[in-house]
Amino acid sequence: MGSSAKAKLPVIDLSSKNLNLNSSSWVTKCDEVRRALEEYGAFIAIYDGVSRELRDAIFVAWQELFDLPSEVKPLNVTDTPYNGYIGQNPRIPLYESLGIEDVTTKERAESFTKLMWPSGNQSFCESVLTYSKAIVDLDHIVMKMVAKSYGIEEHYESIRGSTTYLLKPTKYLKPQGNEKTLGLLPHTDKSFITYLHQDQVNGLEIQTKDGEWIEVDYSPSSFVVMAGDAFMAWTNGRIEAPNHRVTMTGNKDRYSLALFAFIKDHTIQISQELVDDDHPLQFRAFDNYKYMHFYYTPEGMKSKCAIKTYCGI
Ligand SMILES: O=C(O)CCC(=O)C(=O)O
Ligand SMILES: [Fe+2]
């Protein structure tokens, strides 16, 4: 199927002045968030928790990071596949990314900074920490809203403390010539939930349930909220992780920023409140991190829907 200029992701205003937990509109808004995720697996959030200055600082920081010598960036090695450095992959030659695991802890932000800049880069480290914490606040809002709408607040509280965040700055080189070029292959995220941000250049495309590709057009002051595979299992399949990809056109490099939330060292139970005659139990309790490791095995990679292969019933 081709790309469609008509289909659009829902846009939901989650800025602080428009959210009042004690008003009747709160419940309506929670349902709006839940419905958008059920229909598209994603939506665009307008969110004022990241100031313009912070946004500018973070994209300056990413440029500095990607401009580091090519022998420095691969020093970022992690135990978890694909969380470290990815570059020079012939299947996606425009793509380069670095993951910062457990980014909201000061020690990890500092150790990553020191690895990349042994003589220090205080402003980089501060921008990373402040930005990540602002998106964690957005995560808490979104999760609270989904949980409220499904009536599973207690269930969410039981996993919330086990959330860990991976920040992944990504650079896509501008394509050679005028050809539309694939920057990132179609995939679903292995996370629980993902928050995407971009500089000026569009390129993200999300596939609808009927196979159409939506070109996501979002401003630097908004964020794409997207369900990952683990979210699909947690909600007993009510919310599916959408297939998405990046295509590059035009003559500018693209910088994007993903914050992936994972549930770690905690077995995720499927919400029993979401199991009924119309929605029989589809998944067994599972571990988000072990699932991610499974995904990168030959069996996981060839599976059509890895989360169903891993813990589906
Ligand atoms: O660059 C983007 O907008 C999307 C990145 C993405 O999908 C990913 O890193 O999983
Ligand atoms: Fe993704």
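**Helix packing and overall fold**

In this predicted model, the axes of helix α2 (residues 52–66) and α4 come within 9 Å and cross at roughly 125°. The crossing of α2 past α4 is left-handed.

**α2 against α4**
- On the α2 side, the contact is made by L54, A57, I58, A61 and E64.
- α4 contributes F124, S127, V128, T130, Y131 and A134.
- By class, this contact of α2 with α4 has eight nonpolar, two polar and one charged residues.

**α1 against α4**
- Helix α1 (residues 24–40) and helix α4 (residues 122–150) have axes that come within 8 Å and cross at roughly 95°.
- That angle makes α1 roughly perpendicular to α4.
- K29, C30, D31, V33, R34 and L37 of α1 meet V142, M145, V146, K148, S149 and Y150 of α4.
- Seven nonpolar, one polar and four charged residues make up the contact of α1 with α4.

**Whole chain**
- The protein chain holds nine helices and 15 strands.
- A compact globule of 313 residues would have a radius of gyration near 20 Å, and the 19 Å of the protein chain agrees with this.
- Along the principal axes, the C-alpha atoms fill a box of roughly 55 × 40 × 40 Å.
- Of the 313 residues, 39% count as buried.
- Among contacts between residues at least 6 apart in sequence, 78% join residues at least 24 apart.

Definitions and conventions. Residues numbered from 1 in each chain as written. Chains lettered and ligands numbered in written order. Predicted model: local features only at pLDDT ≥ 70, side-chain atom pairs only at ≥ 80, totals over all residues. Axes fitted to C-alpha atoms, helices over the stretch in contact; angles between N-to-C directions. Helix = DSSP H or I, 4+ residues; strand = E, 2+ residues; numbered from the N terminus. Parallel < 35°, antiparallel > 145°, perpendicular 65-115°, else oblique. Contact = placed C-beta atoms within 7 Å. Nonpolar A, V, L, I, M, F, W, Y, C, P; charged D, E, K, R; others polar. Rg over C-alpha atoms; globule rule 2.2 N^0.38 Å. Buried ≥ 20, exposed ≤ 12 C-beta atoms within 10 Å, placed from the backbone. Left-handed = near helix turned anticlockwise from the far one by under 90°.
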